[in-house]
Amino acid sequence: MTQSSNLKNTAATLPVQNVNAKWLNLRDEPLVKPSTLITSLPFGQPVEVLGPSTRQGWVEVRTTLNGVQVRGHVAAAYLRDPLSEQIEAAVAIAAAEWERFGRGRGREHVAPFAGYVGEYWAEIGYTYTGADRNVPWSAAFISFVFSRAGYTGMRFAAAHARYINEAIVARETGDTSRDFHGYRLSERRPQIGDLIARRRTSAAIDYDYAAQHDAFKSHTDMVIAVGNGYVDAIGGNLAHSVRTQRYRTDAAGYLDADGGRVFALLANRR
């Protein structure tokens, strides 16, 4: 993570940064103790940087959360520069769904969460809900996020393999009309908005297999924060909820293959 290099408050405009962590605690003074906590800001939350705090490494910020303007202090190391409008839209939509699921505590088969799963399916033309517990909905969640964010060059589908294959083929054929291009883990460092592809079977699914097939058991999560030695990502149907999980990266920032379970990175081109 990188500390913001532009913390100067000007009369004309304030620098905007985004939260580069699963969540970031906002405090009424730059001090980590229970009594200073105001609230926690979700990943991707935009904040206006008002200036440096009295304690080194902290900045004072202002933001609007759930319709209410809040102001306080955060650790500057967990902020990042804004990305493209469409990537930030996808991150914001995913964060909103994470919040709707109680940050991973809600369960797919009970109200109101089953209805949220139904929204994901409806986005791609299906009538399932979370009550259909034998129907995996993780690809529907990813499709929902990017469809709502305005992506038009992605094969929205009920199975991750469809758009994993599409991204790899698009990259290898030079198809620039697609929103994602697929890479081997050694070819690209994960960035916010990318999709991490992993197999969901003991079968030997790898990059080369995915380049030739669009039907295999798999899963993808969207990268939401990049740290030192890890990335945090979000996905659907994780322990029957919308949850975040952490993936390891090596010293150079490339994804760890996790014993061959992680096999491709789909680069967000927007």
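Asn 237 is partly exposed in this predicted model, because its relative accessible area of 24% falls in the intermediate class (buried means under 20% relative accessible area, exposed over 50% and partly exposed in between, with a 1.4 Å probe and protein chains only). The residue belongs to strand S11, which covers residues 230-238, where helices are DSSP runs of H or I with at least four residues and strands are runs of E with at least two, both numbered from the N terminus. Although Asn 237 is not a glycine, its phi is positive, at about 60°.

Because the model is predicted, local features need pLDDT of at least 70 and side-chain atom pairs count only at pLDDT 80 or more, whereas totals for chains, interfaces and linings use all residues. Residues are numbered from 1 along each chain as its sequence is written, and side-chain values use heavy atoms, with hydrogens and water left out.

A positive phi is also found at Arg 103, a residue other than glycine, where the value is near 55°. Arg 103 is placed in the loop between H1 and H2, and the loop between H1 and H2 is likewise the place of Pro 112. The peptide bond that leads from Ala 111 to Pro 112 is cis, with omega near 0°.

Helix H2 comprises residues 113-123, and its buried residues are Phe 113, Ala 114, Tyr 116, Val 117, Gly 118, Tyr 120 and Trp 121. An α-helix has 3.6 residues a turn, so residues three or four places apart point the same way. The packing partners of the buried residues of H2 are helix H1 (85-100), helix H3 (138-148) and strand S12 (241-248), with contact taken as heavy atoms within 4.5 Å. After H2 comes Gly 125, which has a positive phi near 90° and is placed in the loop between H2 and H3. Gly 125 is classed as exposed because its relative accessible area is 66%. Between Gly 125 and Arg 100 there are 25 residues of separation in sequence, and the C-alpha to C-alpha distance in space is 22 Å.

Helix H1 contains Glu 88, which is classed as buried because its relative accessible area is 13%. When neighbours within four places in sequence are left aside, the contacts of Glu 88 are with Asn 18, Gly 44, Arg 80, Asp 81, Pro 82 and Leu 83.

Asn 165, in helix H4 (residues 160-173), is likewise classed as buried because its relative accessible area is 13%. Its side chain makes polar contacts, defined as pairs of N or O atoms within 3.5 Å, of which, within protein, one must be able to donate a hydrogen and the other to accept it, and for which residues adjacent in sequence count only if both atoms are side-chain atoms. The side chain of Asn 165 reaches the backbone oxygen of His 213 at 3.2 Å and the backbone oxygen of Ala 211 at 3.3 Å. With residues up to four places away in sequence not counted, Asn 165 touches Ala 210, Ala 211, Gln 212, His 213 and Asp 214.

Leu 195, in strand S9 (residues 195-199), counts as buried because its relative accessibility is 0%. Leu 195 and Trp 23 are 172 residues apart in sequence, and their C-alpha atoms are 20 Å apart in space.

For the protein chain as a whole, the secondary structure amounts to five helices and 13 strands. The radius of gyration is 19 Å, which agrees with the value near 18 Å that a compact globule of 270 residues would have; the radius is taken over C-alpha atoms, and the globule rule is 2.2 Å times the number of residues to the power 0.38. Along the principal axes, the C-alpha atoms fill a box of roughly 55 × 45 × 35 Å. Of the 270 residues, 51% count as buried, and among contacts with a separation of 6 or more, 60% are between residues 24 or more positions apart.
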